Amino acid sequence: MSHVSSHSPHGQSPLRTVQVLGGGSAVSSAHVRSLTSGLVARGVRVTVCAPHETDGVHDFTGVGARHIHVPRSSDPASVATLRNACADADLVHAHGLHAGFRATLALGGRPTPLVVTWHTRSYAEGARAHLLRLLERRVAKAAAVVLGTSSELVDRARRRGARDARLAAVSVPALRRNDDTDRHRSKTRAELGATDRPLLMAAGALDRHRGYDTLLDAAREWRGLDPEPLVVIVGEGPQWSALQRRIEDEELPVRLIGRRDDIGELVAAADLALLPGGPEARSVLAQEALHARVPLVAASAGSVPELVGDAAALVPFGDAGAFAETVARLLKDPALQDELRDRGTRQAATWPTEDETVAQVLSVYDELTDLRPLM
């Protein structure tokens, strides 16, 4: 009897996987692109279910995957499309809570193994908090394995009833430097309006748990610096109107630029990266900053200390005064900036590489599909 194998030995069919994307966050989309490339190189057949625009940015087909357009929705039509895409799969891997829920609906009672990666912790209040717990419980129990990108998420999955929850770091590819890097950096700074002033970069969904009110409070203090730094915030979300109103009313040196798919390039153009808070387990901003040797100032909250170690200037979450003072001190101290850059390079070297991440995921796939006879 022959068996499914990810390594596709002679006479056996290659492993067929479906990767399901949920909210399309920068970190999960970049991870799926990297994972897809590595899996295809190892002989795995990969189908990526994601909206057209996500494939347009991350080019899953360009690294050898088949792409099927599936909207970010749990309506019957989208679930039916996903069900058809998973019909011949040996294993389905969903990325994010909502993608996991849609995959659960699509698989129904099929015995196809489901792996779900929890990239970030979701927040909700009131009645929505109860619905969120139910959603997490449904997905955690449906998955053969839940991969959490932080210890906190692994523990959360276990509390929600996961049969098997494991820590699995998600690598963010380092921005590759070339002869055009410095030219692109100057062009980006000019586009943002920071040719002759420090550029401070923050990124993430604009919701109340990300600490942006604290960041705007700190920005008030930076108006007295010479030159006055410009804070650029990348992202969309429910707080957009409230934050924009504060920026205009208080005349803060802050710009909201919406969603961008070039966060790596934007961070590389900055003088400092700012992470005032947030639930993202392995912050893509923090990883991009350390890879790009951009000093990082971050709130000591959630999984950030676990991720960055001593390679960032950490301040208490919600302490605008400490945040403002730390940034001002860094801007005046090039030697301290250089020290953080060197620490960042050393810390980034301890993170799993793309190859190591693919190998870990592939070992889970092999484990779940072992001894499954080919039909």
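In the predicted model, the largest nonpolar core comprises 32 residues, of which Val92 and Trp118 touch the most other members. At least two residues of this core are supplied by each of strand 1, helix 3, strand 4, helix 4, strand 5, helix 5 and helix 6 (151-159). Helix 4 provides the largest share, 6 residues. When neighbours within four places in sequence are left aside, the contacts of Val92 are Val18, Val20, Cys86, Ala103, Leu107, Thr112, Pro113, Leu114 and Val115. Another core, of 30 residues, lies apart from the one described above; Leu266, Leu296, Ala298 and Val304 are among its members.

The buried positions are Leu97, Ala99, Gly100, Phe101, Arg102, Ala103, Thr104, Ala106 and Leu107. Two of these, Ala103 and Leu107, are also in contact with Val92. An α-helix has 3.6 residues a turn, so residues three or four places apart point the same way. The cover over the buried residues of helix 4 includes strand 1 (16-21), helix 3 (76-85), strand 4 (91-95), strand 5 (114-118) and helix 5 (127-142). After helix 4 comes Gly108, which has a positive phi, near 55 degrees.

The packing of helix 3 against helix 4 was examined separately. Two packed helices are described by the angle between their axes and the distance between the axes. For helix 3 and helix 4, the axes come within 8 Å and cross at roughly 70 degrees. Because angles of 65 to 115 degrees count as roughly perpendicular, helix 3 is roughly perpendicular to helix 4. The crossing of the two helices is right-handed. Helix 3 contributes Val79, Leu82 and Arg83 to the contact, and helix 4 contributes Arg102, Ala103, Leu105 and Ala106.

Several backbone features were found in loops. Most residues other than glycine have a negative phi, and most peptide bonds are trans. Asp59, a residue other than glycine, has a positive phi, near 55 degrees. Asp59 belongs to the loop between helix 2 (52-58) and strand 3 (66-69), and its relative accessibility of 34% makes it partly exposed. Arg293 likewise has a positive phi, near 60 degrees, and is not a glycine. The loop that holds Arg293 runs between helix 11 (284-291) and strand 12 (296-299). With a relative accessible area of 35%, Arg293 is partly exposed. The peptide bond joining Asp226 and Pro227 is cis, with omega about 0 degrees. Pro227 is located in the loop between helix 8 (212-222) and strand 9 (230-234).

A polar atom of the Thr369 side chain lies 2.8 Å from the backbone oxygen of Tyr365.

Definitions and conventions
Residues are numbered from 1 along each chain as its sequence is written. This is a predicted model: local features need pLDDT of at least 70, side-chain atom pairs count only at pLDDT 80 or more; totals for chains, interfaces and linings use all residues. Side-chain values use heavy atoms; hydrogens and water are left out. Buried means under 20% relative accessible area, exposed over 50%, partly exposed in between (1.4 Å probe, protein chains only). Helices (H or I, at least four residues) and strands (E, at least two) are DSSP runs, numbered from the N terminus. Contact means heavy atoms within 4.5 Å. A nonpolar core is a set of buried Ala, Val, Leu, Ile, Met, Phe, Trp, Tyr and Cys residues joined through side-chain atoms within 4.5 Å. A polar contact is a pair of N or O atoms within 3.5 Å; within protein, one must be able to donate a hydrogen and the other to accept it, and residues adjacent in sequence count only if both atoms are side-chain atoms. Axes are lines fitted to C-alpha atoms, for helices over the stretch in contact, and angles run from 0 to 180 degrees between N-to-C directions. Angles under 35 degrees count as roughly parallel, over 145 as roughly antiparallel, 65 to 115 as roughly perpendicular and the rest as oblique. A crossing is left-handed if the near helix is turned anticlockwise from the far one by less than a right angle, and right-handed if clockwise.
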